[in-house]
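Hi there,

Here is the structure I promised to pass on. Have a look at it first, and my notes follow below.

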Amino acid sequence: MSYQVLARKWRPRTFHELVGQAHVQRALVNALDQGRLHHAYLFTGTRGVGKTTLARILAKCLNCTANGRGDEGITSTPCGQCDSCQAIDEGRFVDLIEVDAASRTKVEDTRELLDNVQYAPTQGRYKVYLIDEVHMLSTSSFNALLKTLEEPPPHVKFLLATTDPQKLPPTVLSRCLQFTLKHMPPERVVEHLTYVLGEEGVAFDESALWLLGKAAEGSMRDAMSLTDQAIAFGQGAVRHADVAAMLGTLDHRHILGLAEALADVDVQRLLAEVAELAEQGPDFAAVLDELSSILHRLAVAQMVPDAVDNSHGDRDVILQLASRFTAEDIQLYYQIGIQGRGDMVHAPDLRSALEMTLLRMLAFRPQGVPKPPRTPLPLRREPTGEAASETNAHVLAPATVASAPAPTPETKTTPDVQSIPEAQSTPEAQSEPQPEPPPAAEEGAPLQELPPWIVENETPSSEVGAPDQGPESAAMVEPAPVAESTTAPEPVSSPAPELTADPAPAQEEPASVAPAGMLDNAKWLQCFDALGLGGLTRNLAGNCLVESDDGTLLTLRLDPSQEAMRAEVHQTRIERALKEQGMPRRIAFYVAELSNSLETPRQREERLNQERHAQAVDLLNHDPHVQKLQQAFGAKLIESSVKPAGEMR
């Protein structure tokens with residue numbers, strides 16, 4: 001089978017055989033059936049979508065004589081058997097004048113062409129002028145053509161075809177009936193090639209047809225030509241390996257292999273795929289481009305699965321692969337891939353640039369998540385909070401909370417009512433009165449359980465009961481008597497003996513921090529710093545409230561804004577830290593809105609830092625040296641630059 005055989009044999013002969021242009025077919029068929037004909041038609045579209053073929057079919061419809069030779073013989077279904085139809089198919093119809101405007105751009109050529117317009121057709125019903133690539137005509141040629149387009153003879157029809165309609169003068173466009181032919185998607189190309197090869201009895205691989213459909217770039221004519229070439233290359237069959245070798249394209253399966261290695265966080269497999277690709281001598285920049293394209297399709301698959309591009313025929317694979325990534329990872333990998341593509345021009349070696357980009361994707365991937373979770377698709381329909389299946393595996397929060405003393409802390413009017421009864425059960429709590437403490441501080445806690453500077457903040461606070469504050473309160477008011485401040489300034493000299501004595505008992509802090517009995521939110525605040533958590537684990541735990549504790553299972557209520565940070569590795573670290581403090585517990589997270597009446601460790605840290613900052617600013621404003629500088633030089637204290645010593649992290 002020789003080159004171009006299929007392209008000629010399967011060229012459309014009627015409107016119904018034209019592939020993928022139903023919108024144009026419908027308009028022209030209705031116009032022909034109703035006798036509503038225009039004198040000039042303009043067909044636009046990319047190369048190979050059927051512009052010239054459509055014009056020839058329309059010429060046959062106008063000149064077919066199967067139904068008679070008068071105007072009533074015009075039909076939307078040319079017979080293909082009369083003299084006019086056969087002459088048009090064979091390219092010898094006298095009244096069909098085909099002009100290649102790309103080679104005849106001069107005004108003299110156009111005038112010569114139009115000299116015979118006034119003469120009646122010789123063989124057919126209409127004299128048809130088919131001007132291909134009409135945008136290539138010069139301005140003078142358009143001016144010469146314009147007069148004829150304005151007042152054409154009744155026996156003349158103009159069929160213009162172009163790939164660039166923007167270059168046509170508006171005066172010409174306004175006198176034509178314009179039809180835009182669609183770009184052929186790979187799915188439509190593969191469907192047509194499957195039908196053609198089936199009719200021809202040619203063996204083929206479906207994956208090979210997807211390669212051809214992608215290479216055709218929307219042109220059905222190019223797809224047929226490439227198929228002819230593939231048949232010759234493969235000795236009568238269309239096989240995947242032969243087509244890939246003929247086109248010189250990347251094997252899409254290797255690119256999917258790279259994506260699967262990223263999903264599994266498998267560095268060894270990632271580099272092995274690159275090494276296997278290197279044996280084929282590919283363009284490594286194109287490899288990164290294809291990988292970025294797959295990441296884009298994965299992001300679309302997570303949001304709108306039905307909108308996934310199927311240009312490679314791998315829609316099911318992409319949907320399955322999308323569930324193995326988090327949305328954050330895909331966005332990060334795509335951004336790194338795009339950035340790495342731009343950096344390739346500066347790399348000493350393209351392969352090493354590709355490998356470094358892939359390794360960078362995994363190196364900058366958020367840590368603390370050992371295995372990518374399964375992502376339910378689509379993301380916009382993902383179940384929320386307590387309805388999520390992954391939460392139900394660990395948390396039986398509703399049942400646990402129902403048995404707790406205070407299941408609805410949001411309805412309480414006084415802070416920390418939930419934690420006060422349990423706190424009073426300890427000896428330390430029973431020895432102290434409970435005068436409406438703030439949620440961040442528990443009066444029953446020994447002072448050595450917190451860092452010294454926190455003791456300074458807690459002691460002079462106006463919200464804490466007055467019995468323990470006599471001498472210290474007086475010392476606080478002396479340097480800066482500000483009546484409106486709810487937090488007195490920091491001590492200057494009197495607390496010094498306590499500060500120097502604290503390092504020694506700090507060695508016993510872990511043993512003393514571990515509270516006896518069940519954990520409530522107040523005790524959780526007391527022992528949080530002693531757990532020694534850091535990094536993402538500390539951030540996750542710091543945004544939790546104690547929901548319930550039965551001595552075995554500690555349920556923490558997690559702020560929904562921090563749900564993305566939840567991972568098994570953090571849960572394990574918190575359990576290990578509690579065990580080291582003598583409180584062995586299993587941890588379960590319950591995602592729900594936090595109560596405004598209780599304080600998380602993170603909120604407590606922020607509040608104390610703000611109080612320390614306010615105290616430090618107040619002390620500086622009342623410092624005599626600072627006041628002298630302000631009076632002498634007009635100096636101004638920049639409060640945002642004040643950093644209290646020992647500020648909490």
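**How α9 meets its neighbours**

In α9, Ser 207, Ala 208, Leu 211, Leu 212 and Ala 215 meet His 240, Val 243, Ala 244, Met 246 and Leu 247 of α11; contact means heavy atoms within 4.5 Å. By class, this contact of α9 with α11 has eight nonpolar, two polar and no charged residues. (Ala, Val, Leu, Ile, Met, Phe, Trp, Tyr, Cys and Pro count as nonpolar, Asp, Glu, Lys and Arg as charged, and the others, Gly among them, as polar.)

Before you read on, please keep in mind that this is a predicted model, in which local features need pLDDT of at least 70, side-chain atom pairs count only at pLDDT 80 or more, and totals for chains, interfaces and linings use all residues. Residues are numbered from 1 along each chain as its sequence is written, and side-chain values use heavy atoms, with hydrogens and water left out.

Helix α9 covers residues 206-216 and helix α11 residues 240-247; their axes come within 8 Å and cross at roughly 25°. (Axes are lines fitted to C-alpha atoms, for helices over the stretch in contact, and angles run from 0 to 180 degrees between N-to-C directions; helices are DSSP runs of H or I with at least four residues, strands are E runs of at least two, and both are numbered from the N terminus.) The two helices are therefore roughly parallel to each other, a label for angles under 35 degrees.

The axes of α9 and α10 also come within 8 Å, but cross at roughly 135°. On the α9 side the contact is made by Leu 212, Ala 215 and Ala 216, and on the α10 side by Asp 222, Ala 223, Leu 226 and Thr 227. These residues divide into five nonpolar, one polar and one charged.

**Two loop residues to look at**

Glu 217 lies in the loop between α9 and α10 (220-233), and has a positive phi of about 55° although it is not a glycine. Gln 235 is found in the loop between α10 and β7 (237-238), and its phi is positive too, at about 55°. At 77% relative accessibility, Gln 235 counts as exposed (over 50%, whereas buried means under 20%, with a 1.4 Å probe and protein chains only).

**The whole chain**

The protein chain has 30 helices and ten strands. Of its 649 residues, 47% count as buried.

Happy browsing!

Definitions and conventions. Parallel < 35°, antiparallel > 145°, perpendicular 65-115°, else oblique.
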